[in-house]
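Thanks for coming. I will keep this short; please look at the structure while I talk.

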Amino acid sequence: MISVENQATVSENAIPKDASDGFVVPESNAFGQSFRDYESTVRLSIVENTYRLNHINQTYDFVKRTREEYAKLNKAEMSIWEAIELLDSFVDESDPDLEEPQIQHLLQSAEAIRKDYPNEDWMHLTALIHDVGKVLYHSKFGSLPQWAVVGDTHPVGCAFDESIVYHKYFKENPDYNNPTYNTELGVYSEGCGLENVLMSWGHDDYMYMVAKANGTTLPSAALFTIRYHSFYPMHTEGAYKYLMNEEDRENLKWVLTFNKYDLYSKSNVHIDVEKVKPYYESLIKKYFPEKLKW
């Protein structure tokens, strides 16, 4: 196993770029519509139902119990690339912008970052693996329903911020009227740090746990990005920032940089998997052991 003591650091020359710098944001998504349009997407019924089930079922107790189960990492043992291949036919039911298999989304975002940050290979790999946690949906990993795998994430154990997509469905969540969980701070304290906050369960937190437990040498900015890239209420709407500490605020800069590549690189133009595979396999070998426990 790779030693955590050899964890990479972000180079001094790697500066997070503003949204207007470097990457060109396209005018429309793969369907010719605005990005993250949850009111008129052509996938409206599928997307809304996924969030409805997510918001009803993602309780503090469910997340705590599920996270403890998957933290055992006893579901499978395989390489990163083997896990990626399991997503070859997986389509994210929470995504209003794309209905392509996830392996294409991973490569599209990784190649877009690779173009703008050619010398920061840790960013290329972060983009490649950021959604690999969606293997939770696969039979090898327990076939979790998509509402427990995909979608924007949010804290549980405190009030559900109104900026969360399809907020109305939280009224059916048992925690919504629970005085232990429905205040601004809930079970947390101001500035406690996101490390101490329980997030809704899904691919983000799972991939973070897998990477960390298997001794990846990716820098902390990469692990933070993997863990919170779907936390849109925070990095897009500014919600829940009172829970963050100074380290969170520093790493947030990289999530904001990564986010535009994750979101706006989605298209129907396929990446040639076999052409780019050798490069990404070399990065996997650099930052991960050959086989990982999942």
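This is a predicted model: local features need pLDDT of at least 70, side-chain atom pairs count only at pLDDT 80 or more; totals for chains, interfaces and linings use all residues.

The unreviewed UniProt entry lists His-105, His-130, Asp-131, His-203, His-229 and Asp-262 under "binding site". I will take two of these residues.

His-229 sits in the loop between helix 7 (220-228) and helix 8 (232-235). His-229 counts as buried because its relative accessibility is 2%, under the 20% cut-off. Beyond four places in sequence, its contacts include His-130, Asp-131, His-203 and Asp-262. With Asp-131 there is a side-chain to side-chain polar contact at 3.0 Å.

Asp-262 is in helix 9, residues 246-264. Its relative accessible area is 6%, so Asp-262 is buried as well. Leaving out neighbours within four places, Asp-262 touches His-105, Ser-109, His-130, His-229 and Tyr-232. The side chains of Asp-262 and His-105 make a polar contact of 2.8 Å.

Now the aromatics. The count is 18 aromatic pairs. One of them is Tyr-166 with Tyr-169, tilted, with 6.4 Å between centres and 45° between planes. Both Tyr-166 and Tyr-169 are buried. Another tilted pair is Phe-224 with Tyr-228, at 4.7 Å and 50°. These two are four residues apart in helix 7, about one turn. Phe-224 is buried at 7% relative accessibility, and Tyr-228 is buried at 2%.

Tyr-70, Phe-141, Trp-201, Tyr-206 and Trp-294 form one aromatic cluster. The charged end of Lys-75 sits over the Tyr-70 ring, 4.9 Å from its centre. Elsewhere, Arg-114 lies over the face of Tyr-279, 3.7 Å from the ring centre.

Technical notes:
Residues are numbered from 1 along each chain as its sequence is written. Side-chain values use heavy atoms; hydrogens and water are left out. UniProt positions are given in the numbering used here, feature names are shortened, and annotations may be inferred rather than shown by experiment. Buried means under 20% relative accessible area, exposed over 50%, partly exposed in between (1.4 Å probe, protein chains only). Contact means heavy atoms within 4.5 Å. A polar contact is a pair of N or O atoms within 3.5 Å; within protein, one must be able to donate a hydrogen and the other to accept it, and residues adjacent in sequence count only if both atoms are side-chain atoms. Rings of Phe, Tyr and Trp (its six-membered ring) pair if their centres lie within 6.5 Å; planes under 30 degrees apart count as stacked, over 60 as edge-to-face and the rest as tilted. A charge sits over a ring if NZ of Lys or CZ of Arg is within 6 Å of the ring centre and within 35 degrees of the ring normal.
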